[in-house]
Amino acid sequence: MIVFITRVDLPKTSRNTSWETPLRNLFAISFFLLLAVVVRAAEPGWTTVQVDVTGEQGKLLDRRGYDIWEVHDNKALIYASPEDVEQLKRDGFTPVIIDLPALHAPGRTVDGYPTFDEYVAQMNTWVANHPGIVSLSSIGQSVQGRELWLMKISDNVATDEPTEPEFLFIGLQHAREWLAGTTLQGIIEYILANKDTDPRAGNVIANYQLYVLLVSNPDGYVYTQTSDRLWRKNRRNNGNGTFGVDLNRNFPFQWNLGSTATSSFDYRGTAPLSEPECLALDTWVRSRGNRIVGFLNFHTYGNHVMHSWAYTTAVGPGVELMGPLVNAMADAMHDVHGQIFDPGSWGVALGYTGAGVTDDQFHAVYGIPSITTEVRPVSSAEGGFVVPTSYIQPTIDEQLEGAFVFLDWAYTRGTDPTAPVLSTPVVTRLSTTSVRINWTTDDAADRRVTYGVLPDASPGSVQPDRMRATAHSVTLTGLSPGVLYHGRALSVNLANLGGASAIFPFSTTDLTPTPSPSPSPSVSPTESPTPSISPSASPSPDARDGYILSAVR
């Protein structure tokens, strides 16, 4: 990942998105990595190089899929293969080798971080020590056949309680991010150990159904502890001498924008959900229908708290909700030990984009508010991906507070007993064949428009995504000039309650004034779509309850 170490005076929810501007605001930090614990030698021939970057050059580095660790003062630090070094030269860069001897150290012990087997043993210990509260099951297997163990934590763990909102936490999607795994482990240990003394922990047990995928990438994680400490991807044999697919770039939403180079650190795979680890997770999430109200994904490093979008630096729907949420999480984390956390949208806070990312998939396709938190350290000057175990407890302390903020935010909305109330939709003519329809809701909700020439606003339906927001916009295209249409706006909140506007007439050539506000009738909740969602201006045989579906497999 790229880590910009910044302290800017911009509002937390509105960052500058250019490549150059953050670089002028970076703290002076050392490139020297305090990599005190490296398990085995790094990949043969790989090294760290520094290149000068300005303007469009930075975007080129991102498109090439280099393993960029951080950028400051117009210089990028890249973990590069011999082929990467040659490609950098062809692209007009002058790579300078930065000697980091710790990367090439002989084998060492794991130095206090759990092995995969120890994580599994810990999960089984929780099950044994908390009967009726913790259960463990496999949702699938990795490329190399390791189980993907999913924990459930709830007061009646053997019972599926439909009135309790569900949450999903995952860790170690990227194999080298060991601190992310121990952080999530520590949060779960705290909730279980303090369920009778901390009301927040007790509330999770009593009123939530919390699911935890502690090790999302078991093969890659094992490889970091036996062969290459800095390995990121899974261990897919790509058939051309390269290995691995980035499990946080293999999801269907905007997957087509990802890296096609099998050797790149963020290779997207041969197809959406080509990797069994991603397929198992996505299939399980889809099976929960509309039950999951929050997703939290733990990564390292850089001290970021981020919401969608990831695939673009453009601000996504729902920033008016998610922006204050990540600000509150960052503030809660800061109050623990004084660490500064940078909140914002994924593509803006990091200064680079990622396509096929888990957060975008779960929020845009399944309507689950999704957050990625990048835990300590803030930079490679403190160790980057490789930090001593002394970092574990302070990081747990910080991230626990952020997690409680997120849980409370989503629980409040996921248990709202009232349907969303919609404002009167406003129709704006964009051309003789298209219009934009805007409205607001009093609650976090998704957006859909049904429309047509019939008075009941049928048979067309458009839902661009299921991002939760209070400000909504849907564009209708392919309309016929001069034809009188009837439309209706619909929104479903996190509690799966739906509201609808009154039916309103419109035309692309002579817009009829929108009707006066009227009470919003309740509508039945819609079924969660199974594939990804794409706009459609006409009925489709794949439409289910108004969602326009396009299979992506």
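In which sense do strand 10 and strand 12 pair, and over how many bridges? I get antiparallel, over three bridges, with strand 10 covering residues 304-307. Pairing here needs at least two DSSP bridges between the strands, and helices (H or I, at least four residues) and strands (E, at least two) are DSSP runs numbered from the N terminus.

Housekeeping before I go on: this is a predicted model, so local features need pLDDT of at least 70 and side-chain atom pairs pLDDT 80 or more, while totals for chains, interfaces and linings use all residues. Residues are numbered from 1 along each chain as its sequence is written, and side-chain values use heavy atoms, with hydrogens and water left out.

**Strand 12.** I looked at Met306 and found it opposite Thr372 in strand 12. Strand 9 (residues 292-300) also joins strand 12, running parallel through six bridges; there Leu296 has Ile371 as its bridge partner. Strand 12 (residues 370-375) is largely enclosed by the rest of the structure, because six of its six residues are buried. Buried means under 20% relative accessible area, exposed over 50%, partly exposed in between (1.4 Å probe, protein chains only). Ser370, Thr372 and Glu374 point one way, Ile371, Thr373 and Val375 the other.

**Cores.** I define a nonpolar core as buried Ala, Val, Leu, Ile, Met, Phe, Trp, Tyr and Cys residues joined through side-chain atoms within 4.5 Å. The largest one has 58 residues, and Ile371 is among those with the most contacts inside it, as are Ile153 and Phe169. Helix 12 (residues 392-414) gives the largest share of this core, nine residues. Another core, of 25 residues, lies apart from it and includes Phe295 and Met467.

**Val204.** I found Val204 in helix 6 (residues 199-207), buried at 1% relative accessible area. Beyond four places in sequence, Val204 is in contact (heavy atoms within 4.5 Å) with Ile191, Leu210, Phe404 and Leu407. Its C-alpha is 9.4 Å from that of Asp408, 204 residues apart along the chain.

**Asn248.** Asn248 sits in the loop between helix 7 (218-226) and helix 8 (276-287), and is buried too, at 2%. Its side chain makes a polar contact with the side chain of Thr358 at 2.6 Å. For that term I need N or O atoms within 3.5 Å; within protein, one able to donate a hydrogen and the other to accept it, and residues adjacent in sequence count only if both atoms are side-chain atoms.
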